[in-house]
Amino acid sequence: MKHKTRIMNNMPILSDLRVFVLVARRAGFAAAAEELGVSPAFISKRIALLEKALDVSLLHRTTRRVAITEDGERIYEWAQRILNDVDQMMDELSEVRQAPQGMLRVVSSFGFGRRFVAPALSALAREYPQLELRLDVSDRLVDLVSEGFDLDIRIGDDIAPNLIARKLADNQRILCASPAYLQRHGVPKSVAELAGRACLVIKERDHPFGLWRLQGPGGEETVKVTGALASNHGEIVHQWCLDGQGVALRSAWDVKENIDSGRLVHILPEYFQPANIWAVYVSRLATSAKVRVTVEFLRDYFREHYGETGAASENPPRP
């Protein structure tokens, strides 16, 4: 009996497993501490206690970063499975109670995340106070599994087939320029003409840099564009467009207000790039109550605040 008690006392607690998984993903105590809102010393102490409980060394520590050991790799895989099972259990309880709870980590792009996803999640938090919501913004394509995100709210129909996608709203990227730019240089008459224009090039997430593929009356047309100004941030390109620096290819949601007000002009309106709004997640979360509630809430929120959306379809068709 004493032997069993000693084993139980040494069992790792779930919170320490979560700390370890986060340290492994972030490759550092400081990054994990910042995310959790605690000190690096607290993280170090929890890892030390977990190592003592398991009687293994989980991490190689250096002055700059930490690296996971061979034993740590095995524990990391087990920890993810255990934590996923616990999260699924809580999801099933949430389903019964009709009150989703627990942490939901969401990622989106800088501009869309700040202007549209953030206020929607704020409204979601008021509706479901037991949910803990974490929103990260990034203009690179994230790996949902390895980086620990539950939900990616993204623009664009190019979605890997191993992911589940639910359509939240219709959208497309359109060509626009300021009245001042068009007065100086004239209105382009064709897609091909854009190759010789000052275009505002953006590298955003997984979009090809400087290669614009557009749907038009005759099907798809592709043009390689260049310009003196380029950025990896959509809001910077948007501002440059307003400043009269050139032609931009931007989400209709992003530029609608400025087009309606006349600060920007929609050019070559018969051409567009499909770029619908999707909620993307991994298959293991297909039955998650908190993911289901969040996706449904976002779809309804976007419809109410920004107009009619498309049906909640599954993964987009592949090219």
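Rings of Phe, Tyr and Trp count as a pair if their centres lie within 6.5 Å, taking the six-membered ring for Trp. I wrote that down before looking anything up. I also noted that this is a predicted model.

**Entry 1: aromatic pairs**

How many aromatic pairs does this rule give? I got a count of 8 aromatic pairs.

I picked Phe-112 and Trp-253 to start with. Their ring centres are 5.7 Å apart and their planes make an angle of 50 degrees, and this pair is tilted. Then I checked where the two residues sit along the chain. Phe-112 belongs to helix α6 (residues 110-127) and Trp-253 to helix α10 (residues 252-261). They are 141 residues apart, and I noted the pair as a link between distant parts of the chain.

Are Phe-112 and Trp-253 buried or exposed? I found both of them buried.

Next came Tyr-301 and Phe-302. Why is this pair called edge-to-face? Planes over 60 degrees apart count as edge-to-face. Here the planes stand at 70 degrees, with the centres 6.2 Å apart, so the pair gets that label. Tyr-301 and Phe-302 are both buried as well.

**Entry 2: charges over rings**

I looked for charged ends lying over aromatic rings. Arg-81 has its charged end over the ring of Trp-78, 4.4 Å from the ring centre. Arg-105 lies over the face of Phe-149, and I noted 4.4 Å to the ring centre there.

**Entry 3: the open sheet**

Now for the strands. I traced an open sheet of 5 strands, and its order reads β4-β3-β5-β15-β6. The pairing in this sheet is mixed.

Which strands form the edges? They are β4 (131-137) and β6 (163-169), each of which pairs on one side only. Going from one strand to the next, the twist averages 25 degrees.

I zoomed in on one neighbouring pair. Strand β3 (residues 102-108) and strand β5 (residues 151-155) run parallel and are joined by 3 bridges. I looked up the partner of Val-107 in β5, and that residue is Asp-152.

**Entry 4: a hairpin**

My last stop was β9 and β10, which form a hairpin with 2 residues between them. Strand β9 covers residues 211-216 and strand β10 covers residues 219-224. They run antiparallel, with 6 bridges joining them. Which residue in β10 is the bridge partner of Trp-212? I found Val-223 in that place.

Notes. Residues numbered from 1 in each chain as written. Predicted model: local features only at pLDDT ≥ 70, side-chain atom pairs only at ≥ 80, totals over all residues. Heavy atoms only, no water. Pairing = 2+ DSSP bridges. Helix = DSSP H or I, 4+ residues; strand = E, 2+ residues; numbered from the N terminus. Axes fitted to C-alpha atoms, helices over the stretch in contact; angles between N-to-C directions. Phe/Tyr/Trp six-rings, centres within 6.5 Å; stacked < 30°, edge-to-face > 60°. Buried < 20%, exposed > 50% of the residue type's maximum accessible area, 1.4 Å probe, protein only. Lys NZ or Arg CZ within 6 Å of the ring centre and 35° of its normal.
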